[in-house]
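Hi there,

Here is the structure I promised to hand over. My notes on it follow just below.

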Amino acid sequence: QVQLVESGGGLVQAGGSLRLSCAVSGSIFSIMGWYRQAPGKQREVVAHIISGGRTYYADSVKGRFAISRDNAKNTVSLQMNSLKPEDTAVYYCSAGAGTVYWGQGTQVTVSS
């Protein structure tokens, strides 16, 4: 049984930082990542990382966010710096490609 458990998130002022972490159990995935969904909007990709370390970032977060993974612990993290109010959303951890597994979501709120 695959489970993704997220931690981190919360309320921060614009310009601040937050770190999200996700622990994956039940399987090992070559691709893990983070998505977000703001109120009234579709879920969108934030960043992906492949087991070899190659990364992908949405244009809106390039240079501000950094995704990393610990293959030994089967975890994926997202360091978010220089946060903006438009980063406010529920952030979801993801694992897999053809079949994608999701975490429960964690709220990130950035106040102006």
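In which sense do strand 3 and strand 8 pair, and over how many bridges? Strand 3 and strand 8 are antiparallel, with 6 bridges between them. Strands here are DSSP runs of E with at least two residues, numbered from the N terminus, and two strands pair if DSSP finds at least two bridges between them.

Before the rest, a word on the model: it is predicted, so local features need pLDDT of at least 70 and side-chain atom pairs count only at pLDDT 80 or more, while totals for chains, interfaces and linings use all residues. Residues are numbered from 1 along each chain as its sequence is written, and side-chain values use heavy atoms, with hydrogens and water left out.

Going across, strand 1 (residues 3–7) meets strand 3 in the antiparallel sense over 5 bridges, and Leu4 stands opposite Val24. On the strand 8 side, Ala23 has Thr75 as its bridge partner. Strand 7 and strand 8 also run antiparallel, joined by 6 bridges, with Ser68 opposite Ser77.

Buried means under 20% relative accessible area, exposed over 50%, and partly exposed in between, with a 1.4 Å probe and protein chains only.

**The core**

The largest nonpolar core has 27 residues, of which Trp34, Leu78, Met80 and Tyr91 touch the most other members. Strands 3, 4 (31–37), 5 (44–50), 7, 8, 9 and 11 (106–111) each give two or more residues to this core. Such a core is a set of buried Ala, Val, Leu, Ile, Met, Phe, Trp, Tyr and Cys residues joined through side-chain atoms within 4.5 Å. Leaving out residues up to four places away in sequence, Met80 touches several residues, including Leu18, Leu20, Phe65, Tyr91 and Val108; contact means heavy atoms within 4.5 Å.

**The charged network**

Arg36, Glu44, Arg64 and Asp87 are linked in a network of salt bridges, each defined as a side-chain nitrogen of Lys or Arg within 4 Å of a carboxyl oxygen of Asp or Glu. The count by this rule is 4 salt bridges.

Which residues does Asp87 pair with? One partner is Arg36, at 3.0 Å from N to O. That pair links distant parts of the chain, with Arg36 in strand 4 and Asp87 in the loop between strand 8 and strand 9, 51 residues apart. The other is Arg64, with the closest N and O atoms 2.7 Å apart. Because Arg64 lies in the loop between strand 6 (55–57) and strand 7, this pair ties together parts that are 23 residues apart in sequence.

Asp87 is buried, at a relative accessible area of 1%, and Arg64 counts as buried at 11%. Arg36 is buried too, at 6%, and also forms a salt bridge with Glu44 (2.8 Å, N to O). Glu44 counts as partly exposed, at 38% relative accessibility.

Enjoy exploring it!

Best wishes

Conventions. Helices (H or I, at least four residues) and strands (E, at least two) are DSSP runs, numbered from the N terminus.
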